[in-house]
Amino acid sequence: MVKFGLRLSQNRAPEYPPEAYMDYDKLKEIIHDLKKKKLARVDSTTREVSLTAPPPTNAAGRQLTADDSPVTEEDFYSTIDKELAKVESFTLQQVTELRMQIDQVESDIQGWTSNNNNNSTSVNN
């Protein structure tokens, strides 16, 4: 079975720029980084007091370890929002251009129909 990312890249319309599509690889990388994250456990055997800045913590308030990725769930949501906005902008541009073309064709047809009807009535008179 073909992987989704490969299938997606194979089915892209060549006439559309990269902005027309979500950056699947970027999102996949963030998800992969998030999967690797491990929540640090507070070591209850040592009771040290530090007067310096506290160690960094994650959103749950747990201390981060060296293995923790700097990528957060917020990064994922922010990235997916940006990617969706990018695709939405491209789609809106395409729809606007198509509507203008449809309006032009309708106008041309209406003009052609009017001219054709005027020519028919002149011939009949």
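**Figure 1. Aromatic pairs of the predicted model.** The structure holds 3 aromatic pairs, where rings of Phe, Tyr and Trp (its six-membered ring) pair if their centres lie within 6.5 Å, and planes under 30 degrees apart count as stacked, over 60 as edge-to-face and the rest as tilted. One of them joins F4 and Y24 in an edge-to-face arrangement, at 5.1 Å centre to centre and with 65° between the planes. This pair links distant parts of the chain, since F4 belongs to helix α1 (residues 4–10) and Y24 to helix α2 (residues 24–36), 20 residues apart. Helices (H or I, at least four residues) and strands (E, at least two) are DSSP runs, numbered from the N terminus. Y24 is partly exposed, with a relative accessible area of 25%; buried means under 20% relative accessible area, exposed over 50%, and partly exposed in between (1.4 Å probe, protein chains only). The model is predicted: local features need pLDDT of at least 70 and side-chain atom pairs count only at pLDDT 80 or more, whereas totals for chains, interfaces and linings use all residues. Residues are numbered from 1 along each chain as its sequence is written, and side-chain values use heavy atoms, with hydrogens and water left out.

**Figure 2. The aromatic pair of Y16 and F90.** The ring centres of Y16 and F90 lie 5.2 Å apart with the planes at 70°, so this pair is edge-to-face. Distant parts of the chain are linked here: Y16 is in the loop between α1 and α2, F90 is in helix α3, and the two are 74 residues apart. Y16 counts as partly exposed at 35% relative accessibility, whereas F90 is buried, with a relative accessible area of 11%.

**Figure 3. The two faces of helix α2.** Helix α2 has 13 residues and reaches 18 Å from its first C-alpha to its last, close to the 18 Å expected at 1.5 Å a residue; the expected span is 1.5 Å times one less than the number of residues. Its buried residues are L27, I30 and D33. They cover an arc of only 120° around the axis, and therefore lie on the same side of α2; the arc is that of the directions from the helix axis to the C-beta atoms. The face turned away from the buried side carries the exposed residues D25, E29 and K35.

Figure 4. T79 is found in helix α3 (residues 73–124) and is buried, with a relative accessible area of 14%. Leaving aside residues up to four places away in sequence, T79 touches K26, L27 and I30, a contact being heavy atoms within 4.5 Å.

Figure 5. K86 counts as partly exposed at 26% relative accessibility, while E83 is buried, with a relative accessible area of 7%.

**Figure 6. The chain as context for the close-ups.** The chain has 3 helices and 0 strands, following the pattern α-α-α along the sequence. Of its 125 residues, 12% count as buried. Among contacts with a separation of 6 or more, 70% are between residues 24 or more positions apart.
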